[in-house]
Amino acid sequence: MTTREEIALWNGGRGELAGWTANAAPGSSAKLAVEEAGTELRFDYSLVGHGAWAIARRELPFELPSHYVVSLVLRGKAVAPHELQLKLVDPSGANVWWWRLREFSPPPERTRLVLRRASLEFAWGPRSGGDPDRVGAVELAVASDRGAAGTLWIEELRVEPRQPATGPARARAARASSALPGHEASRALERDEASDWCPAPDDGLPWLELDLGEVRECGGLAVDFAGVDDAPPSRVLASLDGARWTPLAEDPGGGGTRRWIRTGEADARFVRLELDPQRRAGVARADVVPIELAVSPARFAASLARAAPRGRYPRHLLGEHAYWAVVGGDGDERKGLLGADGALEVDAEGFTLEPFLWSGGRLLSWADVELGAALEEGSLPIPSVVWDAAGLRLRITAFADGAPRRSALVALYEVESTDGMQHDVRLFVAVRPFQVTPAWQALNLTPAVAPIERLGSDGPRVRVDGREVIAVSAPDGFGAARGDEGLAALWQGRLPERPRVHDPLGFAEGALAFDLRVAPAGAASVVVAVPLFAETPVPPA
């Protein structure tokens, strides 16, 4: 079967169960039958006990298209919500990917579900991640810890090829309901923060329409509003042809001037933003949110990492394994992780502090150095990571300080000259929306990405959403950037220009800078601390 063809897993016409089997956990039951003159596959199940499941499995080897969706048409009934899963099993049977719809209640009427490639997650197996290319079987499963029983009638189940994306979805052109002179719709597509689209004062229903050039998957709009202190109420609509419009989302506004208006998963050629005419707001910038970011921030971050020079993003976003060690106080509830490349995750599902070193006119990252790891005195549970490069050694040591529930996580950065020469270096300690934990180590948590929306400094204190990073050693500067800007400035040896940012997409990042003079055969050190609890005494700064 070629990848250009639709792959029918249940074609609802033959009335056959060939290739289909049912199975269930001990104590639970699963049964398959054909109804409605052979057009519907009936799946009866009863889930009993903790970790109960029932599966309808179709054995069918096929090659996946390079881009696709899975279309499922069903109806059903159930006595309680449960999880609905669709799994892709590779020909070996060892690697499994899945879509999971938690708290799923079967719709009583015929409903089409579209499962997108972007939201497909690796479940388990020796491959430890990546995307499937060949499939040996497909499983439709239900699961519950609370017990459930019900019936699903499946009319269609198929893999539909889609045209591969040629790059991130973005607006190619814009038009509007009206515009003041010098504030035309196209101004909302420019990077210049001084330009904006502004509707005419007598416009009874202001709207801005973005043309994506082709039908694309999208996950909402990121909008910078102009002329107001807070985002106005608005709504987003989508169209495939520019004539028929489907409402996707209504947003109440507020929360500052930058807003991610979430639409869920959608296909659109045209996206329209309608504004409350009473607020007289304009739009400084409007961007389409990539579908990957909306449904899987980890997958989106991995796509950024693959497109960037090695070292700009954590190793695990490139699909590479990286070891880590737990950092924390004995008996304490909260702990961090020190990764083998030097990044410190400050708490479970927390952001990271990642070092970069500017020396000799270039920036050194984990990808540019020889790496080593050690425990204090060889066996104490205080881990360190060592970078060696260009006559310098950077040692990153992490430990907890303070009593349980009053502790702080401390990072000690020691820069040493190893070539007998003096070095003037700049140490950057970046605050990044990534974890040390990779996507394939879920551990019942959400791994890989730790969203940061608001980031800014108040002297030696860096405020990260509701948390703080304290520069115990006096910093020589701090800069923050939105996700679309990133930390590119570090690669020129400088900080981002803004003291604080708001990024509703959750990819804000920033960095503290420490200018150090390292004497021949000498060393210089920097200390940064993160309070782990509200009761933690404020570290000295």
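So, what share of the contacts between residues at least 6 apart in sequence join residues at least 24 apart? In this protein it's 70%. Keep in mind that we're looking at a predicted model.

Let me start with the overall picture. The C-alpha atoms fill a box of roughly 85 × 65 × 45 Å along the principal axes. For 541 residues, the rule for a compact globule predicts a radius of gyration near 24 Å, and the protein has 27 Å, which agrees.

The accessible surface comes to about 24000 Å², and carbon and sulfur atoms hold 49% of that.

On to the charges. We have 59 positive and 75 negative ones, and their mean positions sit 3 Å apart. Side chains of opposite charge can pair when their charged atoms come close. Here the count comes to 51 salt bridges, and I'd like to walk you through a few.

Take Arg 112 and Glu 156, whose side chains meet at 3.5 Å, N to O. Arg 112 is in strand β9, residues 111-116, while Glu 156 is in strand β12, residues 148-161, so this pair links distant parts of the chain, 44 residues apart. And are these two buried or exposed? Arg 112 is partly exposed, at 40% relative accessible area, but Glu 156 is buried, at 17%, because the cut-off for buried is under 20%.

Next up, Glu 209 and Arg 175, with a salt bridge at 3.1 Å, N to O. Glu 209 belongs to strand β14, residues 207-226, and Arg 175 to strand β13, residues 173-176, so the pair ties together parts that are 34 residues apart in sequence. Glu 209 counts as buried, at 4% relative accessibility, whereas Arg 175 is partly exposed, at 45%.

Last one: Glu 190 and Arg 187 form a salt bridge at 3.7 Å, N to O. Glu 190 counts as partly exposed at 33% relative accessibility, and Arg 187 counts as partly exposed at 29%.

Key. Residues are numbered from 1 along each chain as its sequence is written. This is a predicted model: local features need pLDDT of at least 70, side-chain atom pairs count only at pLDDT 80 or more; totals for chains, interfaces and linings use all residues. Side-chain values use heavy atoms; hydrogens and water are left out. The radius of gyration is taken over C-alpha atoms; the globule rule is 2.2 Å times the number of residues to the power 0.38. Contact means heavy atoms within 4.5 Å. Accessible areas come from the Shrake-Rupley method with a 1.4 Å probe; for residues, only the protein chains shown count as cover. Lys and Arg count as positive and Asp and Glu as negative; His and the chain ends are not counted. The place of a charge is taken as NZ of Lys, CZ of Arg, CG of Asp or CD of Glu. A salt bridge is a side-chain nitrogen of Lys or Arg within 4 Å of a carboxyl oxygen of Asp or Glu. Helices (H or I, at least four residues) and strands (E, at least two) are DSSP runs, numbered from the N terminus. Buried means under 20% relative accessible area, exposed over 50%, partly exposed in between (1.4 Å probe, protein chains only).
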